[in-house]
Amino acid sequence: MLKIAVLGSSGSIGRQTLAVADKHKKIEIVALAVNRNIQLLERQVRQLRPAYAVVYDHGAAVEFKKRVSDLKTNVLEGMNGLEEVASLPEVDVVVTAVSGAIGLKPTVAAIKMGKTIALANKETLVTAGSIVMNLAQDYQAKIIPVDSEHSAIFQCLQGEKQALDKIILTASGGPFRGWTKERLKGVSPTQALKHPNWNMGRKISIDSATLMNKGLEVIEAHWLFNVSYDSIQVVVHPQSIIHSAVSFVDGSILAHMGVTDMRIPIQYALSYPHRWVGLLKPLDLAEVGELTFEKPDLEGFPTLKLAFTAGRIGGTMPAVLNAANEVAVEAFLKNEIGFLDIAAVVERAMEKHQVNNNPNLDDIFQVDADTRESVSHMIEAKGR
Ligand SMILES: NC(=O)c1ccc[n+]([C@@H]2O[C@H](COP(=O)([O-])OP(=O)(O)OC[C@H]3O[C@@H](n4cnc5c(N)ncnc54)[C@H](OP(=O)(O)O)[C@@H]3O)[C@@H](O)[C@H]2O)c1
């Protein structure tokens, strides 16, 4: 049995991870963790009977303990709880499916115990890529990507990493592909949450609409595959059938295709280095018809350019990009700022930041906290 802990089990990736585990009876769920969705967590715990359940939010954790007092499940809370279940000796794979930089600490805890990480939480590598990858090497912890693009690249690179020339990261273009800046000004959260091809959590849906998601993925790819930013090309591919591709030194391109369903890369992250029978009807290329490609619009969607800039500057700058974006996305979802303000806020935060080129983890946490505070003030002042 493969023993797993799922951090973020109530979210889009978390629920799909449990669906994969349900299909493949060779997976045992040891621990589940959420922020505060205790209704769903209770249903999951009653069905799966994990040894541990974590509720990050203190009030929700108190309520949850009462609700499941008839069960043997150990209920933990807060960051200590997340770190504890990520480090359990009996856990083989930690699925990091929480949203945001909150995923960094538990991922580091899991790495220090030599766990295999099924990494959905891209913000971990964006904020502290260098530190996390070095720790993974020191503790011989494998990091297997869950993000569909990175899973695609990872699969294309099996056995051939040395001859890699370029990574081609595909992007759907989001719900506003082709829109003018004028039209983008009035975009509402409801419109932005409707992704044409994927059904995802709220934060990543907004990131996909601004193209920040692709920017975060560029930084994630840089660290996961040890490639320079000049060797990462973003190509808009509205059908999302090619999940990404790699170009080799001889000019050959290998691409990964599949239906747009996260259960496929989630399953691969759990089955690697093997392949298990899939849950879905395979892709029928004749039904797909046409595949198209175009360049991204960096003027209408400047976040992608900002992410390349932050990545190239390195040090603490990507942590600033990420923290500013998390706060700006929250503010946009609460109608406190407009759609185009997200990029403007991130750009302003980056301009104000004095880069530390060689940060340790504490520096990263400090920069993350400082950026959140200053961006919140910036947004408050704007609203006045
Ligand atoms: N969804 C996708 O298709 C997709 C694809 C590729 C990569 N990813 C990446 O996967 C991650 C998760 O995305 P998602 O779409 O699944 O997000 P989501 O649907 O918003 O779910 C987020 C999950 O994280 C939990 N969470 C948030 N803060 C937490 C905390 N402090 N402690 C414990 N749990 C916490 C949430 O719990 P509550 O429900 O209690 O708030 C929820 O279970 C993100 O980094 C995203 O970029 C997602």
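Me: What separates the centres of domain 1 and domain 3, taken over C-alpha atoms?
Reply: In this predicted model, the answer is 26 Å. The domain assignment puts domain 1 at 2–145 and domain 3 at 314–384, with domain 2 made of 147–259 + 284–299.

Me: How do you know that domain 1 and domain 3 are in contact?
Reply: Contact takes heavy atoms within 4.5 Å. On that rule, 10 residues of domain 1 meet 11 residues of domain 3, so the two count as being in contact.

Me: What makes up the area that the two domains bury between them?
Reply: Buried area is the accessible area lost on putting two parts together, summed over both. Here that comes to about 810 Å², with 76% of it on carbon and sulfur atoms. On the domain 1 side, Val126, Thr127 and Ile131 supply 51% of the area buried against domain 3, more than any other three residues.

Me: Which elements give two or more residues to the side of domain 1 that touches domain 3?
Reply: Those are helix 5 (104–112) and helix 6 (122–138). Helix 6 brings the largest share, 5 residues.

Me: Which classes do the residues on that side of domain 1 fall into?
Reply: Sorted by class, they are 6 nonpolar, 2 polar and 2 charged residues.

How values were computed. Residues numbered from 1 in each chain as written. Predicted model: local features only at pLDDT ≥ 70, side-chain atom pairs only at ≥ 80, totals over all residues. Heavy atoms only, no water. Domains from an automatic or database assignment. Buried area = accessible area lost by both parts, 1.4 Å probe. Helix = DSSP H or I, 4+ residues; strand = E, 2+ residues; numbered from the N terminus. Nonpolar A, V, L, I, M, F, W, Y, C, P; charged D, E, K, R; others polar.
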